[in-house]
Amino acid sequence: MKTLRDVPVGATAKVVKLHGEGATRRRIMDMGVTKGVEVYIRKVAPLGDPVEVNVRGYELSIRKEDTQMIEVE
């Protein structure tokens, strides 16, 4: 299983599935990260947390622990 955390900076990945439960999963979906959407990894903070991505035409910062819940291809 490849997650969003494994995608290198400058690459694009397609979301296959969201793991996790309850409020955390709902929060990720509310930010626009849903099945089938293309996510571009823009940059990673110097200490690795957070990760800045472009999704649905806007920039979004996601915590490193949340990127592990997003399965991509």
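Mentor: Let us begin with burial: a residue counts as buried under 20% relative accessible area, as exposed over 50%, and as partly exposed in between, using a 1.4 Å probe and protein chains only. The model is predicted, and local features in it need pLDDT of at least 70, side-chain atom pairs count only at pLDDT 80 or more, and totals for chains, interfaces and linings use all residues. Residues are numbered from 1 along each chain as its sequence is written, and side-chain values use heavy atoms, with hydrogens and water left out.

Trainee: How should I read the sheet, and what is the order of its strands?

Mentor: Strands are DSSP runs of E with at least two residues, helices are runs of H or I with at least four, and both are numbered from the N terminus; two strands pair if DSSP finds at least two bridges between them. Here five strands form an open sheet in the order S4-S3-S2-S1-S5, with antiparallel pairing. Its edges are strand S4 (58–62) and strand S5 (70–72), each of which pairs on one side only. Neighbouring strands are turned by 45° against each other on average, direction ignored, where axes are lines fitted to C-alpha atoms (for helices over the stretch in contact) and angles run from 0 to 180 degrees between N-to-C directions.

Trainee: How many bridges join S2 to S3, and how many does S2 have with strand S1?

Mentor: S2 and S3 run antiparallel and are joined by five bridges, with Lys-43 standing opposite Glu-52 in S3. Strand S1 (residues 12–18) pairs with S2 in the antiparallel sense over three bridges, and Thr-12 stands opposite Tyr-40 in S2. S2 and S3 also form a hairpin with six residues between them, and Gly-48 in the turn has a positive phi of about 90°.

Trainee: Which residues are joined with Asp-66 into one network?

Mentor: Take the pair Arg-63 and Asp-66, whose side chains meet in a salt bridge of 3.4 Å, N to O. Arg-63 is partly exposed at 40% relative accessibility, while Asp-66 is buried at 1%. Salt bridges that share partners join Arg-27, Arg-63 and Asp-66 into one network.

Trainee: Is Glu-52 buried or exposed, and where does it belong in the fold?

Mentor: Glu-52 is found in strand S3 and is buried, with a relative accessible area of 14%. Glu-52 and Arg-42 form a salt bridge at 2.3 Å, N to O, and this pair links distant parts of the chain, with Glu-52 in strand S3 (residues 51–55) and Arg-42 in strand S2 (residues 38–44), 10 residues apart. Arg-42 is partly exposed, at 36%. If contact is taken as heavy atoms within 4.5 Å, the contacts of Glu-52, leaving aside neighbours within four places in sequence, include Tyr-40, Lys-43, Glu-59 and Leu-60.

Trainee: Which residues have the most contacts inside the largest nonpolar core?

Mentor: In soluble globular proteins, nonpolar side chains tend to be buried together. A nonpolar core is a set of buried Ala, Val, Leu, Ile, Met, Phe, Trp, Tyr and Cys residues joined through side-chain atoms within 4.5 Å. The largest one here has 18 residues, and Leu-4, Val-33, Val-39 and Ile-70 have the most contacts inside it; S1, S2, S3, S4 and S5 each supply at least two of its residues. Not counting residues up to four places away in sequence, Val-39 touches several partners, among them Leu-4, Ala-13, Val-15 and Val-53.

Note on methods: A salt bridge is a side-chain nitrogen of Lys or Arg within 4 Å of a carboxyl oxygen of Asp or Glu.
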